There are 2 protein chains.
Amino acid sequence: MKCRGYLRDSEGVSTAPIADPYAAACPTRTVLDRIGDRWTVLVLLLLAERTCRFTELQRRIEGVSPKVLTQVLRALERDGLVTREVHAEVPPRVEYSLTSLGGTLVQAVAGLDAWARAHIDEVERSRAAYDARA
Amino acid sequence: MKCRGYLRDSEGVSTAPIADPYAAACPTRTVLDRIGDRWTVLVLLLLAERTCRFTELQRRIEGVSPKVLTQVLRALERDGLVTREVHAEVPPRVEYSLTSLGGTLVQAVAGLDAWARAHIDEVERSRAAYDARA
């Protein structure tokens, strides 16, 4: 991680770089992109309920294509937020679960979901008024 | 808003549609896209500190282009999250502030920001391990 500053211990010796998404090179930016993604939010909240198969995720998230869902799950697996387990059956059963790291993110994304549900009417009224002015 | 179900009052009469981002047609999806966007998170958190001019936002968010910042601010204004005020000076001073609706979103996006800062090292280690396996 290469960011803007360094944390300092009690003797003023720098220890770890400070994560800072306002700095162009900070990798927290790529994490912000990932975790705020619409599909990521929806997948994480479903997996917070329970382990799911691919087909179940696809069925519950209306309109997501298999290709996009595959990309989202792969990125979540790469980031250490989700595990993919293949059970040797015929046909193979593939299940996705939250990791403990993924579990720490659920609360944050649940806040986005709750906000969107609670305030969609205000947002839509504002959009209509803005478009009428424009 | 046109979503999956309807809230029912105590007599079982349907009242308002239930916002549900798992439904393909629900407008909460477009809101989820907006609020989780990397630049949106960074702009909202700066405006939560204080009213800012365009140039200040641009300076503090390293690497954002004027074009993208303009688009982000316009979308936030359209959604009713930010107000744009033009002061009749030479040159005109343009300032952006959070609306009260925007203020309600700040806490949710602050959770994303905090998560990204706190867990970036774990995410980066996971990415490196995943890429080494692939």
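1. A definition to start with: two residues are in contact if their C-beta atoms, placed from the backbone, lie within 7 Å. By that rule, the contact between the two chains takes 45 residues from chain A and 45 residues from chain B. Helix 1 (28-36), helix 2 (38-49), helix 4 (66-78) and helix 5 (100-133) of chain B each supply at least two residues of its side that touches chain A; helices here are DSSP runs of H or I with at least four residues, strands are runs of E with at least two, and both are numbered from the N terminus. Helix 5 of chain B gives the most to that side, with 19 residues.

2. Please keep in mind that this is a predicted model, in which local features need pLDDT of at least 70 and side-chain atom pairs count only at pLDDT 80 or more, while totals for chains, interfaces and linings use all residues. Residues are numbered from 1 along each chain as its sequence is written, and chains are lettered from A and ligands numbered from 1 in the order in which they are written.

3. On symmetry, chain B can be laid on chain A by a turn of 180° and a shift of 0.0 Å along the axis, with an RMSD of 0.0 Å (a least-squares superposition on the C-alpha atoms of residues with pLDDT of at least 70 in both copies). The two copies are thus related as by a two-fold rotation axis. Of the residues of chain B, B:Gly36 comes closest to that axis, at 1.8 Å (C-alpha). The copies meet through the same surface, because 100% of the interface residues of chain B are also interface residues in chain A.

4. Now for the fold of chain A, which has 5 helices and 5 strands. Along the sequence they follow the pattern β-β-α-α-β-α-α-β-β-α.

5. An open antiparallel sheet in chain A is formed by 3 strands in the order 3-5-4, where two strands pair if DSSP finds at least two bridges between them. Strand 3 (52-53) and strand 4 (82-87) of chain A stand at the edges with a single partner strand each, so one side of each has no neighbour in the sheet. Strand 3 of chain A pairs with strand 5 (residues 93-98) of chain A over 2 bridges, in the antiparallel sense. A:Cys52 stands opposite A:Tyr96 in strand 5 of chain A.
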